[in-house]
Amino acid sequence: MTILVTGGLGFIGSHTVVELIEQGEDCLIIDNLSKSVIDVLERIETIVHKKIPFIQLDLLDLDKLRTVFKENAITAVIHFAGFKSVGESVRNPLMYYQNNLMSTLNLLDVMKEFDVKKLVFSSSATVYGDLHTPPLKEDLSLHAPNPYGRTKLMLEEILQDIVAAQAGWSFALMRYFNPIGAHKSGLLGEMPFGVPNNLMPHILKAASGETSALQVFGGDYETEDGSCIRDFIHVMDLAKGHVKALNYIKAFEGCEAFNLGTGIGYSVFDLIRTFEDVNSVKVPFDIVARREGDIVASIADISKASMLLGWDAQYDLQAMCYDSWNWYQNILHSMTED
Ligand code: WQD
C-alpha cells in the first residue's frame, strides 16, 4: 500500500520520505519542482538505498492528479506541497491563495473520488498569531497574521468542516514551530535557493562569508537578551512526528491538530551563540530594526503529541546547529563542483 507524499522533494518532505521508507512504508513522491530540484530524489535514494517512485506534477493539474490515484494503490497522503514564505505571501497574496488553497482542494476532491480518506497536513504555528502567551496549546483560538498563515488556517478549517460533515475521514494537522537542522548524512537539508526568509539560512550565509553579516531584526524586545524567542525543532524530529501522525490516523477517524516543537524556547542570540560554539565559526551580525509582524515569543506545548502520538523531540539545539552547518558546507561544495 502506498503513501503519497506531495512536495516530497522539499525540505520537510524529503526528510519525511527518508523516515517513512526506514519505517517500512512504500512511498510515491509528487512534486512540481517549483521550489526544489530533482537532485534531491537521488539524495533520498542514496540514503535509503532504494529507488523511490517520483512523478513531476502540479496539484493544480487535476487530470494528471486523478491519473496518479487511478494508477497507484494510495492508502494515505502526507501533504507538504505549498508555498511557505511569509514575506512573499504579503507581496503576492493571490498567488498564495491560488496555489495553497486550490492545490489542496484538488487533492481532497481526488482523494474523495478514490475513497482515500487519510491525510497528514503540513500546517504551521503561524496559526496561533500573536494572541497568546506561550506555551501554545492546540485548543487555543487561532488567528493568522499574514496571507501565508491564513492559507494554513483556512485549510485547517476546511478539513475540520469535512470531518464534521462526513464520517470516514482522518486528518492530522501538524503545526510546525521553527524547523532547522538537516539529515545527519549531510545529503539532505534546506536547499539554499534565492534570498532566504528564515533565520538559519541567513546564519549559514553569514557564517560562510556569502553575506557580510546576519541582520538581527530587533534587539530591544522584552526578553532576557532583547531578541525574539522561538521553538527551534530539528527537521528529523519533524519527520518522525509525521510518521507517528500517519500511524495515528490509520487507527483513528476525525481531525486532530498537533504541535511539533521541542517545548523549549531559545532566543535569536542563543541560536547564534550555539551555532558559533558547536561549529567553531563566527557569525557576524548587525542589530537592525524589528521586522514587521514578528512576535516576541513562540514556544510549543508538546504534551498532546507526546500523549497521543507517543512522539517527543530527540535532537537538541547543538545537533540542529551542527547538522545545519554540515549540510550547508556539503551543498555549497557540490554546487561549486557542478
Ligand atoms: C525567526 C526569528 C526573526 C531572519 C516563520 C513562519 C513559520 C515558519 C517558520 C513555515 C524572528 C529573526 C529572522 C533574519 C532575524 N514557516 N530573524 N534575522 O518568523 O518565527 O516563522 O518561518 O512553516 O510559519 O511564520 O521564522 O526564521 O523567519 O524568524 O533576526 O535574517 O529570527 O525576527 O524573531 P518565524 P524566521
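How many nonpolar, polar and charged residues are in the lining of the second largest cavity? Let's work up to that.

## Ground rules

This is a predicted model, where local features need pLDDT of at least 70 and side-chain atom pairs count only at pLDDT 80 or more, while totals for chains, interfaces and linings use all residues. Residues are numbered from 1 along each chain as its sequence is written, and side-chain values use heavy atoms, with hydrogens and water left out.

## The second largest cavity

Searching the whole structure turns up two cavities of 30 Å³ or more. A cavity here is a set of points, on a 1 Å grid over the protein atoms alone, where a 1.4 Å probe fits but cannot get out; lining residues have an atom within 4 Å of a point. Grid points are joined across faces, edges and corners, and the volume is the space filled by probe spheres set on the points.

The second largest cavity holds about 60 Å³ of space. Among the residues lining it are His79, Phe80, Asn100, Ser122 and Lys152. Helix H5 (93-113), strand E5 (118-124) and helix H6 (147-165) are the elements giving two or more residues to this lining. (Helices, H or I with at least four residues, and strands, E with at least two, are DSSP runs numbered from the N terminus.)

Back to the opening question: this lining has four nonpolar, seven polar and one charged residues. Ala, Val, Leu, Ile, Met, Phe, Trp, Tyr, Cys and Pro count as nonpolar, Asp, Glu, Lys and Arg as charged, and the others, Gly among them, as polar.

## A closer look at Phe80

Phe80, one of those lining residues, sits in the loop between strand E4 (74-79) and helix H4 (86-91). Is Phe80 buried or exposed? With a relative accessible area of 10%, Phe80 is buried (buried is under 20%, exposed over 50%, partly exposed in between, using a 1.4 Å probe and protein chains only).

Phe80 and Gly13 are 67 residues apart along the chain, yet their C-alpha atoms are separated by 6.1 Å. Leaving aside neighbours within four places in sequence, the contacts of Phe80 (heavy atoms within 4.5 Å) include Val5, Gly13, Ser122, Tyr176 and His242.

## The largest cavity

The largest cavity has a volume of about 70 Å³. Its lining includes Phe11, Ile180, Glu190, Leu204 and Trp327. Strand E7 (178-180), helix H7 (199-207) and helix H11 (317-337) each supply at least two lining residues, and H7 gives the most, with three. By class, the lining has eight nonpolar, two polar and one charged residues.

How values were computed: On a 1 Å grid over the protein atoms alone, a cavity is a set of points where a 1.4 Å probe fits but cannot get out, and a pocket is an open set with protein on both sides within 12 Å along at least five of seven lines; lining residues have an atom within 4 Å of a point.
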